[in-house]
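Please read it alongside the sequence and structure shown here.

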Amino acid sequence: MPNPSSPPASPLRVLAAIAAVEGLAFAAYAVYLVVEAVTVGITGPSEVSNPGALILLIVLTALVGAALLWMARAWWRARQWVRTPFVLAQVILGLLGYEASQGVGVVQLVGGAAVVVGVIGIVLAVLPRTGRALAESDA
């Protein structure tokens, strides 16, 4: 059992940081959605802009943020189970980022950054060095 107070191996620290930043970004976006809904109201086409859809979006965004923060903690504590959900999250975020990168302005930049971070996260998660670091923590 790893000592939770000692810092993990280098790739695990980077993976924990990636998951933490992504989790905080999703949590901040959920807060932004709430603030926008209260101050501006619900805008856009009625098919997708209604109270039910907005509440669902806020809840899902907050849950994804919480899950990524949980994964950050698992990377920091060198838990082997975190690899699969993290890689899956990076694939999904990379696809969302690619879609956003087709936009304009800041959305395009954020989308491109999401794709780059997602690819880096996947590569680091599947590196043999990461596997060894996780295995050493179990020993």
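The points below describe a predicted model, grouped by topic.

**Largest pocket**
- The largest pocket has a volume of about 970 Å³.
- Its lining is made up of 29 residues, and those nearest the centre are Phe26, Leu93, Leu96, Val110 and Ala114.
- Helices α1 (10-39), α2, α3 (83-101) and α4 (106-126) each contribute at least two residues to the lining of the largest pocket.
- The biggest contribution to this lining comes from α3, which gives nine residues.
- Sorted by class, the lining of the largest pocket holds 24 nonpolar, three polar and two charged residues.

**Second largest pocket**
- The volume of the second largest pocket is about 230 Å³.
- It is lined by 15 residues, of which Leu33, Gly41, Ile42, Thr43 and Leu54 are the closest to its centre.
- Both α1 and α2 supply at least two residues of this lining, and the largest share, five residues, is from α1.
- The lining of the second largest pocket comprises 10 nonpolar residues, four polar ones and one charged one.

**Thr61**
- Thr61 is part of helix α2, which spans residues 51-76.
- The relative accessible area of Thr61 is 6%, so this residue counts as buried, the cut-off being under 20%.
- The side chain of Thr61 comes to 2.7 Å from the backbone oxygen of Leu57.
- Leaving aside residues up to four places away in sequence, Thr61 touches Phe26, Tyr29, Ala30 and Leu33.

**Aromatic pairs**
- Tyr29 and Tyr32 form a stacked pair, at 6.0 Å centre to centre and with 20 degrees between the planes.
- Both tyrosines of this pair, Tyr29 and Tyr32, sit in helix α1, three residues apart, or about one turn of the helix.
- Tyr29 is partly exposed at 40% relative accessible area, and Tyr32 is also partly exposed, at 45%.
- The ring centres of Trp75 and Phe86 are 5.5 Å apart and the planes stand at 90 degrees, so this pair is edge-to-face.
- This pair joins distant parts of the chain, with Trp75 in helix α2 and Phe86 in helix α3, 11 residues apart.
- Trp75 and Phe86 are both buried.

Technical notes:
Residues numbered from 1 in each chain as written. Predicted model: local features only at pLDDT ≥ 70, side-chain atom pairs only at ≥ 80, totals over all residues. Heavy atoms only, no water. Helix = DSSP H or I, 4+ residues; strand = E, 2+ residues; numbered from the N terminus. Buried < 20%, exposed > 50% of the residue type's maximum accessible area, 1.4 Å probe, protein only. Polar contact = N/O pair within 3.5 Å; in protein donor to acceptor, adjacent residues only side chain to side chain. Contact = heavy atoms within 4.5 Å. 1 Å grid on protein atoms, 1.4 Å probe; cavity = no way out; pocket = protein on both sides within 12 Å on 5 of 7 lines; lining within 4 Å. Points joined across faces, edges and corners; volume = space filled by probe spheres on them. Nonpolar A, V, L, I, M, F, W, Y, C, P; charged D, E, K, R; others polar. Phe/Tyr/Trp six-rings, centres within 6.5 Å; stacked < 30°, edge-to-face > 60°.
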